[in-house]
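Me: I would like to learn how to read a structure like this one. Please take me through it feature by feature.

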Amino acid sequence: MASTVDTKRYWIWTVGCQMNKVDSDRVAETMRARGYIPAEREEDADIVVLNSCAVRESAERRVSGKLGNLQQLKQDRPETLLVLTGCSVSPDFEATRKRFKGADIYFQPTRLDQFTEALDKVWPLPSDPGIMACWQEQSGDTEEQGPCAYVPISNGCDKLCTYCIVPYRRGREKSRPVFDIVEECGSLVKRGVKEITLVGQRVNAYGRDFKDGTDLADLLTLVHDIPDLVRLRFLTSYPKDMSDKLIETVAGLDKVCEHIHLPVQSGSNAVLENMRRGYSREDYLALAQRIRRAAPNLALSTDIIVGFPGETEEQYAETLSLLEEVRFSTVYVAAYSPRPGTLAHRWEDDVPKEVKKERLQRLDALQQRISMEQHQMLKHQVTEVLIDSAQSERKDLPQWRGRTRQNRLVFVPRGDQDLLGQTVTVRIEKVSPFAMQGAVA
Ligand code: SAH
């Protein structure tokens, strides 16, 4: 039995989507529960957890690079534990170990039990409950909670889009019980959280696995009732699962913000079919119209893949024209990269790299123009902004950073007043395609 309490320090490195951020919070929580405390710097940590992303090849390259860099730390202090989790870890641990050499522990993002089991072997918890209590006291719950929080409501994905690795790494869709979610949201709000974003890979299919009719609209209504909650959002919606009930709920509930992230991926029916998205360009346009009719002020953002196998110049042009037609607020664009295990991986990746790059740039330029036009319209207007951090756009100017209900980024000058977590009215003065600047009105 350990006679002295030696406190382990952890460091977590995260890449990828909101789901990964949420998972990293869970990993941190698990380690704090064991008495570990956050390290001030990566070099000081006894355990470094890399939370990886596998959605694109470039993301995986970053993960390999990071793991490579950490070997130096491991050489200097061999007792340091390196842990790899996230979507790069497949259920086949041997394959993962070969592909990502140099970690001591591997665990799947949905399987914290694998993590604690491995930790138990290396650093067993003391069997004396007295010592454990002392550990917990030392660690406490010191992690700062900002005004905005992500709450996972489902994990995994049951769709099999031909390009996507997510179902192979996160498994089948599983919804969290309503009670757990509402309780977590309530306790976050008690700790000062103003804005909650409910997250899931296919968030608007929430509850389908309960088979009792419970859906995202019901959940939104319940979370909406939490007093002192100011704003409510949800990510990421799958177009085919956007029910009229959900649209009406979004339009009807005050706290639910006027923004939906709705990945379209392509504007060409042939490409959409090859992606197995299950909707056509016309379906998507009709849906966008339905949403805007119910909530005229709502901003739609989206994801696009360019250079999917077989994508012709004409098909790509249809994506550009879709952007013109829908006028998204933000577009996240990626060049297609084949992911092992997916159906499209078996097809020839036949759009040359330079062509993909050029398509990506042209699309980016178009969207910048559209975003700029939208921001210009907001100039001299007042808009509600929730201040989420003391983060400047420019180094030489202290600013607060916040978002409008439409999720547009706004910066305001930082004066003496503490505006963190406050909802303020801002008059927009200057705009760029990516953000707006203004003064508190
Ligand atoms: N559930 C989301 C997808 C999550 S992955 C959906 O319904 O689309 C996040 C984004 O990464 C996707 O929207 C897609 O634009 C991009 N992406 C996924 N797989 C990709 C691949 N193989 N190559 C390039 N981009 C990819």
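Predicted model: local features only at pLDDT ≥ 70, side-chain atom pairs only at ≥ 80, totals over all residues.

Me: Which residues around the ligand come nearest?

Reply: Start with the list of neighbours. There are 14 residues around the ligand, and Tyr163, Gln201, Gln265, Asp303 and Ser337 come nearest.

Me: How many residues of the shell around the ligand are nonpolar, polar and charged?

Reply: The shell divides into seven nonpolar, three polar and four charged residues.

Me: Which polar atoms lie by the nitrogen and oxygen atoms of the ligand?

Reply: Look for pairs of N or O atoms within 3.5 Å. A polar backbone atom of serine 337 is 2.7 Å from a nitrogen atom of the ligand. For glutamine 201, a polar backbone atom is 3.2 Å from a nitrogen atom of the ligand. Arginine 56 takes part through its side chain, with a polar atom 3.4 Å from an oxygen atom of the ligand. On its own the ligand has 540 Å² of accessible area, and the protein covers 89% of it.

Me: In which sense do strand 12 and strand 13 pair?

Reply: Strands of a sheet pair through backbone hydrogen bonds, and the pairing is either parallel or antiparallel. Here strand 12 and strand 13 pair in the parallel sense, over six bridges. Valine 306, for one, stands opposite alanine 335 in strand 13.

Me: What is the order of the strands in the open sheet of five strands?

Reply: The order is 2-1-3-4-5, and the pairing is parallel. Strand 2 (37-38) and strand 5 (105-106) each have a single partner strand, so one side of each has no neighbour in the sheet.

Me: How many bridges join strand 1 to strand 2?

Reply: Strand 1 (residues 9-14) runs parallel to strand 2, and two bridges join them. Tyrosine 10 has proline 38 in strand 2 as its bridge partner.

Me: Is leucine 216 buried or exposed?

Reply: Compare the relative accessible area with the cut-off: under 20% counts as buried. Leucine 216 has a relative accessible area of 1%, so this residue is buried. Leucine 216 lies in helix 8 (residues 216-224).

Me: How far apart are leucine 216 and glycine 86 in sequence and in space?

Reply: They are 130 residues apart in sequence, and 26 Å apart in space from C-alpha to C-alpha.

Conventions: Residues numbered from 1 in each chain as written. Heavy atoms only, no water. Near = heavy atom within 4 Å. Polar contact = N/O pair within 3.5 Å; in protein donor to acceptor, adjacent residues only side chain to side chain. Areas by Shrake-Rupley, 256 points an atom, 1.4 Å probe, with all protein chains shown as cover. Nonpolar A, V, L, I, M, F, W, Y, C, P; charged D, E, K, R; others polar. Pairing = 2+ DSSP bridges. Helix = DSSP H or I, 4+ residues; strand = E, 2+ residues; numbered from the N terminus. Buried < 20%, exposed > 50% of the residue type's maximum accessible area, 1.4 Å probe, protein only.
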